[in-house]
Amino acid sequence: MITSTRRVSPDKSEVRIAFSLDDTSDVKDVEDLSQTFPDLEQRLQPVPPCVSLRESVQVYKEHCRMAREFHQVKHEIAVLEDRKRKLLAELVEDEKVAMEIARLEEEFRRLTEENRTLVTVHNERAQQLERLCPTGRTRQDSS
(Lines give C-alpha, C1' and ligand atoms only; values in the text may rest on other atoms or scores of the structure.)
Protein backbone atom coordinates (compact mmCIF):
# COMPACT_ATOMS: atom_id res chain seq x y z
CA MET A 1 0.00 0.00 0.00
CA ILE A 2 1.31 3.42 -0.95
CA THR A 3 0.32 6.35 1.20
CA SER A 4 1.04 9.96 0.52
CA THR A 5 0.22 12.93 2.69
CA ARG A 6 0.51 16.47 1.36
CA ARG A 7 -0.41 19.90 2.51
CA VAL A 8 -1.64 21.90 -0.47
CA SER A 9 -1.13 25.24 1.24
CA PRO A 10 -0.19 26.33 4.73
CA ASP A 11 -3.77 27.34 5.59
CA LYS A 12 -5.33 24.08 4.29
CA SER A 13 -5.49 20.75 6.10
CA GLU A 14 -3.48 17.77 4.95
CA VAL A 15 -4.73 15.54 2.15
CA ARG A 16 -4.02 11.84 2.45
CA ILE A 17 -4.13 9.53 -0.57
CA ALA A 18 -3.72 5.78 -0.20
CA PHE A 19 -3.77 3.04 -2.81
CA SER A 20 -2.33 -0.35 -3.35
CA LEU A 21 -0.85 -1.86 -6.49
CA ASP A 22 -1.18 -5.38 -5.08
CA ASP A 23 -4.93 -5.45 -4.34
CA THR A 24 -6.52 -6.54 -7.62
CA SER A 25 -9.74 -8.07 -6.24
CA ASP A 26 -11.90 -5.48 -8.10
CA VAL A 27 -9.85 -5.80 -11.25
CA LYS A 28 -10.50 -9.55 -11.50
CA ASP A 29 -14.25 -9.06 -11.94
CA VAL A 30 -14.09 -6.00 -14.21
CA GLU A 31 -16.15 -6.49 -17.33
CA ASP A 32 -14.40 -6.83 -20.65
CA LEU A 33 -12.35 -3.65 -20.94
CA SER A 34 -13.17 -3.34 -24.62
CA GLN A 35 -16.92 -3.44 -23.94
CA THR A 36 -18.86 -0.97 -26.08
CA PHE A 37 -22.47 0.11 -26.04
CA PRO A 38 -23.79 0.88 -29.54
CA ASP A 39 -26.75 2.84 -28.14
CA LEU A 40 -24.46 5.37 -26.52
CA GLU A 41 -22.82 8.27 -28.27
CA GLN A 42 -19.05 7.89 -28.56
CA ARG A 43 -18.46 10.59 -25.95
CA LEU A 44 -20.63 8.66 -23.45
CA GLN A 45 -18.92 5.27 -23.84
CA PRO A 46 -17.34 3.94 -20.63
CA VAL A 47 -13.64 4.67 -20.52
CA PRO A 48 -11.53 1.66 -19.51
CA PRO A 49 -10.36 2.03 -15.94
CA CYS A 50 -6.93 2.44 -14.57
CA VAL A 51 -6.80 -1.08 -13.13
CA SER A 52 -4.39 -0.08 -10.41
CA LEU A 53 -6.98 2.25 -8.85
CA ARG A 54 -9.94 0.67 -7.12
CA GLU A 55 -12.03 3.83 -7.50
CA SER A 56 -11.38 3.86 -11.24
CA VAL A 57 -12.50 0.26 -11.53
CA GLN A 58 -15.60 0.99 -9.45
CA VAL A 59 -16.48 4.02 -11.58
CA TYR A 60 -16.00 1.93 -14.74
CA LYS A 61 -18.23 -0.85 -13.40
CA GLU A 62 -20.91 1.67 -12.41
CA HIS A 63 -20.67 3.35 -15.81
CA CYS A 64 -21.10 -0.04 -17.55
CA ARG A 65 -24.08 -0.84 -15.33
CA MET A 66 -25.67 2.51 -16.19
CA ALA A 67 -24.99 1.92 -19.90
CA ARG A 68 -26.72 -1.48 -19.73
CA GLU A 69 -29.62 0.11 -17.85
CA PHE A 70 -29.80 2.86 -20.50
CA HIS A 71 -29.95 0.19 -23.23
CA GLN A 72 -32.76 -1.61 -21.37
CA VAL A 73 -34.74 1.61 -20.88
CA LYS A 74 -34.25 2.57 -24.52
CA HIS A 75 -35.53 -0.88 -25.56
CA GLU A 76 -38.57 -0.53 -23.27
CA ILE A 77 -39.29 2.91 -24.74
CA ALA A 78 -39.18 1.45 -28.26
CA VAL A 79 -41.57 -1.34 -27.24
CA LEU A 80 -43.94 1.16 -25.61
CA GLU A 81 -43.81 3.50 -28.63
CA ASP A 82 -44.66 0.56 -30.90
CA ARG A 83 -47.57 -0.34 -28.60
CA LYS A 84 -48.70 3.30 -28.64
CA ARG A 85 -48.61 3.33 -32.46
CA LYS A 86 -50.71 0.14 -32.58
CA LEU A 87 -53.22 1.51 -30.06
CA LEU A 88 -53.57 4.75 -32.02
CA ALA A 89 -54.23 2.75 -35.18
CA GLU A 90 -56.87 0.75 -33.30
CA LEU A 91 -58.39 3.98 -32.01
CA VAL A 92 -58.66 5.38 -35.53
CA GLU A 93 -60.29 2.13 -36.68
CA ASP A 94 -62.67 2.17 -33.71
CA GLU A 95 -63.65 5.77 -34.52
CA LYS A 96 -64.41 4.74 -38.12
CA VAL A 97 -66.55 1.86 -36.83
CA ALA A 98 -68.35 4.18 -34.42
CA MET A 99 -69.09 6.60 -37.27
CA GLU A 100 -70.42 3.72 -39.41
CA ILE A 101 -72.60 2.53 -36.52
CA ALA A 102 -74.00 6.05 -36.07
CA ARG A 103 -74.70 6.28 -39.82
CA LEU A 104 -76.43 2.88 -39.81
CA GLU A 105 -78.49 3.78 -36.74
CA GLU A 106 -79.64 6.97 -38.45
CA GLU A 107 -80.48 5.06 -41.64
CA PHE A 108 -82.37 2.45 -39.58
CA ARG A 109 -84.35 5.20 -37.82
CA ARG A 110 -85.18 6.84 -41.15
CA LEU A 111 -86.18 3.54 -42.77
CA THR A 112 -88.27 2.55 -39.74
CA GLU A 113 -90.15 5.83 -39.96
CA GLU A 114 -90.59 5.39 -43.72
CA ASN A 115 -91.87 1.85 -43.16
CA ARG A 116 -94.33 3.11 -40.54
CA THR A 117 -95.59 5.72 -43.01
CA LEU A 118 -95.92 3.15 -45.79
CA VAL A 119 -97.80 0.73 -43.52
CA THR A 120 -100.18 3.53 -42.55
CA VAL A 121 -100.76 4.48 -46.20
CA HIS A 122 -101.24 0.80 -47.12
CA ASN A 123 -103.83 0.36 -44.36
CA GLU A 124 -105.65 3.51 -45.44
CA ARG A 125 -105.71 2.34 -49.07
CA ALA A 126 -106.87 -1.14 -48.03
CA GLN A 127 -109.74 0.44 -46.07
CA GLN A 128 -110.64 2.63 -49.06
CA LEU A 129 -110.57 -0.41 -51.31
CA GLU A 130 -112.80 -2.31 -48.90
CA ARG A 131 -115.30 0.53 -48.90
CA LEU A 132 -115.21 0.77 -52.69
CA CYS A 133 -115.17 -2.94 -53.49
CA PRO A 134 -118.48 -3.99 -51.97
CA THR A 135 -120.17 -1.29 -54.00
CA GLY A 136 -118.32 -2.40 -57.12
CA ARG A 137 -119.19 -6.04 -56.52
CA THR A 138 -122.85 -5.37 -56.03
CA ARG A 139 -122.97 -3.49 -59.32
CA GLN A 140 -121.18 -6.34 -61.06
CA ASP A 141 -123.51 -8.89 -59.45
CA SER A 142 -126.61 -6.97 -60.58
CA SER A 143 -125.51 -6.74 -64.18
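Student: Why is Ala-67 called buried?

Tutor: Buried means under 20% relative accessible area, exposed over 50%, and partly exposed in between, using a 1.4 Å probe and protein chains only. Ala-67 has a relative accessible area of 3%, so it counts as buried. Before we go on, this is a predicted model: local features need pLDDT of at least 70, side-chain atom pairs count only at pLDDT 80 or more, and totals for chains, interfaces and linings use all residues. Residues are numbered from 1 along each chain as its sequence is written, and side-chain values use heavy atoms, with hydrogens and water left out.

Student: Which residues does Ala-67 touch, not counting those up to four places away in sequence?

Tutor: Phe-37 and Leu-40; contact means heavy atoms within 4.5 Å. These residues also belong to the largest nonpolar core, together with Tyr-60 and Cys-64. Such a core is a set of buried Ala, Val, Leu, Ile, Met, Phe, Trp, Tyr and Cys residues joined through side-chain atoms within 4.5 Å.

Student: What makes Glu-41 and Arg-43 a salt bridge?

Tutor: The rule asks for a side-chain nitrogen of Lys or Arg within 4 Å of a carboxyl oxygen of Asp or Glu. Their closest N and O atoms are 2.8 Å apart, and the pair forms a salt bridge.

Student: Why is Arg-43 called exposed, and why is Glu-41 called partly exposed?

Tutor: Arg-43 has a relative accessible area of 67%, so it is exposed. Glu-41 is at 44%, and therefore counts as partly exposed.
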